[in-house]
Amino acid sequence: MNRPTPKQLAPELEFPILGANSWNLKAQQPKNFTLVVFYRGLHCPICKKYLQELQNLLPDFKERGVEVAAVSMDTEERARLSRQKWELDALTLGYDLPEATAKQWGLYLSEGIKEGEPELFSEPGLFLIDNEHKIYYSSITSNPWGRPYLPSFIKAIDFILENDYPARGEK
């Protein structure tokens, strides 16, 4: 399986979002970066905490010229429940991520094994995409833990911007 590679154009990414028609990576025009967080779905308590922290940090990301969106393979109904139960009213929240798109992004896929889990869902991924739509940074995990710690990630963005630090891992 190929995975998105730093300094290369990001794969296509479009999905419906709550409260609007759709979100398309190519339409994003951030000052510096677009941050896309792929999450497992409503069934994941670790995702809940992660997305709540992400929402709390939205002003910090915005201040650094970073636009943020989160998406899962959940249905619209499950995404609405996540927004409601997790109190994610400020976060751009997508749903119905196609399996083929998840694979293009190199995400691991899992089959549901317990009640409340969908039949198939993607494991977490976090991508920082520059304003030319090229991959700058990626983190792909095969389980719900091991994601980048968001407060430290904001400090990393500060370092990147202050030092004009290039993307790494292109080979």
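Which residues touch the most other members of the largest nonpolar core? Select L35, L51, L54, F61, L91 and L128: among the 32 residues of that core, these touch the most other members. A nonpolar core here is a set of buried Ala, Val, Leu, Ile, Met, Phe, Trp, Tyr and Cys residues joined through side-chain atoms within 4.5 Å. Buried means under 20% relative accessible area, exposed means over 50%, and partly exposed lies in between (1.4 Å probe, protein chains only).

Before moving on, a word about the model. It is predicted, so local features need pLDDT of at least 70 and side-chain atom pairs count only at pLDDT 80 or more, while totals for chains, interfaces and linings use all residues. Residues are numbered from 1 along each chain as its sequence is written, and side-chain values use heavy atoms, leaving out hydrogens and water.

**Stop 1**

Helices (H or I, at least four residues) and strands (E, at least two) are DSSP runs, numbered from the N terminus. Helix 5 gives the most, with five residues. Apart from this core lies another, of 18 residues, including F15, L25, L97 and W105.

Next, click on L128. Leaving aside residues up to four places away in sequence, L128 touches, among others, F33, L35, V66, Y137, F153 and I157; contact means heavy atoms within 4.5 Å.

**Stop 2: helix 5**

Select L150, F153, I154, I157 and I160, the buried residues of helix 5. Seen down the helix axis, they fall within an arc of 115 degrees, so they line one face of helix 5. The arc is that of the directions from the helix axis to the C-beta atoms. These buried residues pack against strand 3, helix 1, helix 2, strand 4, strand 8 and strand 9 (135–140). Turn to the other side of helix 5 and you will find K155 and E162 exposed. Helix 5 is followed by D164, which has a positive phi, near 50 degrees.

**Stop 3: helix 3**

Finally, go to helix 3 (residues 76–86) and select its buried residues: R78, A79, S82 and W86. They cover an arc of only 105 degrees around the axis, which puts them on the same side of helix 3. Their packing partners are helix 1 (45–56) and strand 5 (93–94). On the other side of helix 3, E77 and Q84 are exposed. Just after helix 3 comes E87, with a positive phi of about 55 degrees.
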